[in-house]
Amino acid sequence: MSLKWIGAIMVITGCTGFGLTIAAGYRREVGLLDRLLRALQAMRWELQYQLTPLPELCRKAGTDAGGPIGEVLAALAKELDRNNIPEVNICMRSALEGAGDLPPSVRRLLMQLGRTLGRYDLPGQLQGLRAVQSACEKRLSFLQKNRDVRLRSYQTLAVCAGVALAILFI
């Protein structure tokens, strides 16, 4: 009899942990998009007013952003410094390989940034940065819309699923 209760508690705990993991991933994605948005703004300002070279631009933006986004931009700067004829798209792909676990939306935006940087003249690069920034803002606003309700729903559904499974197994 007690093994059934221990199993029920473990099922409920596992499902609750899964719901909390989903909510934490959601919060992490919002935080990363916010950092990316700050980095993109810093890049636009630096390019527009200082005409900063690309590796240095990535280093400065990475320092401003911090966290995993800063690490990716710092790795991009290293890749750009290492290559004689830098193809930013390839360097970004290489920087993202070492980035670890980033949400797919953040990876897509960083790849879009890699396709934009270094390919056009200054107005073209600024326009490309604005396009990436706009896509980032859209994704961020989508995630923040009804954020509290959505997170609470994830957590509640996970607990309810755990309880339902425990009832079925008992």
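**A first look**

At a relative accessibility of 5%, Leu-96 counts as buried. This residue is a handy place to start in what is a predicted model. Leu-96 belongs to helix α4, which covers residues 88-97.

**Overall build**

- The chain contains 7 helices and 0 strands, and its elements read α-α-α-α-α-α-α from the N terminus on.
- With a radius of gyration of 21 Å, well over the 15 Å that the globule rule gives for 170 residues, the chain is more spread out than a compact globule.
- The C-alpha trace spans about 70 × 30 × 20 Å along the principal axes of the chain.
- Among contacts with a separation of 6 or more, 66% are between residues 24 or more positions apart.

**Surface and charge**

- Of the 170 residues in the chain, 38% are buried.
- About 9900 Å² of the chain is accessible surface, and carbon and sulfur atoms account for 59% of that area.
- There are 22 positive and 14 negative side chains, with 8 Å between the centres of the two sets.

**Around Leu-96**

- Leaving aside residues up to four places away in sequence, Leu-96 touches Val-72, Leu-102, Arg-107, Leu-110 and Met-111.
- Thr-13 is 83 residues from Leu-96 in sequence, and the two C-alpha atoms are 34 Å apart in space.

**Two residues in helix α1**

- Helix α1 takes in residues 2-50, and Glu-29 has its place there.
- Glu-29 has a relative accessible area of 11%, so this residue is buried, the cut-off being under 20%.
- Beyond residues up to four places away in sequence, Glu-29 touches Pro-103, Ser-105, Arg-139 and Leu-143.
- Gly-17 is in helix α1 too, but this glycine is partly exposed, with a relative accessible area of 29%.
- Although Gly-17 and Ala-158 are 141 residues apart along the chain, their C-alpha atoms are separated by 8.0 Å.

**Gln-133 in helix α6**

- Helix α6 runs over residues 122-144 and includes Gln-133.
- The relative accessibility of Gln-133 is 6%, so the residue counts as buried.
- Leu-37, Leu-40, Gln-41 and Arg-44 are the residues Gln-133 touches, once those up to four places away in sequence are set aside.

**Cysteines**

- How many disulfides does a search of the whole structure find? The search finds 0.
- Cys-58 is buried, and its relative accessible area is 0%.
- For Cys-160, the closest cysteine sulfur is in Cys-15, at 11 Å, so this pair is also too far for a bond.
- Cys-160 is partly exposed, at a relative accessible area of 46%.

Methods
Residues are numbered from 1 along each chain as its sequence is written. This is a predicted model: local features need pLDDT of at least 70, side-chain atom pairs count only at pLDDT 80 or more; totals for chains, interfaces and linings use all residues. Side-chain values use heavy atoms; hydrogens and water are left out. Helices (H or I, at least four residues) and strands (E, at least two) are DSSP runs, numbered from the N terminus. The radius of gyration is taken over C-alpha atoms; the globule rule is 2.2 Å times the number of residues to the power 0.38. Buried means under 20% relative accessible area, exposed over 50%, partly exposed in between (1.4 Å probe, protein chains only). Contact means heavy atoms within 4.5 Å. Accessible areas come from the Shrake-Rupley method with a 1.4 Å probe; for residues, only the protein chains shown count as cover. Lys and Arg count as positive and Asp and Glu as negative; His and the chain ends are not counted. The place of a charge is taken as NZ of Lys, CZ of Arg, CG of Asp or CD of Glu. A disulfide is a pair of cysteine sulfur atoms within 2.5 Å.
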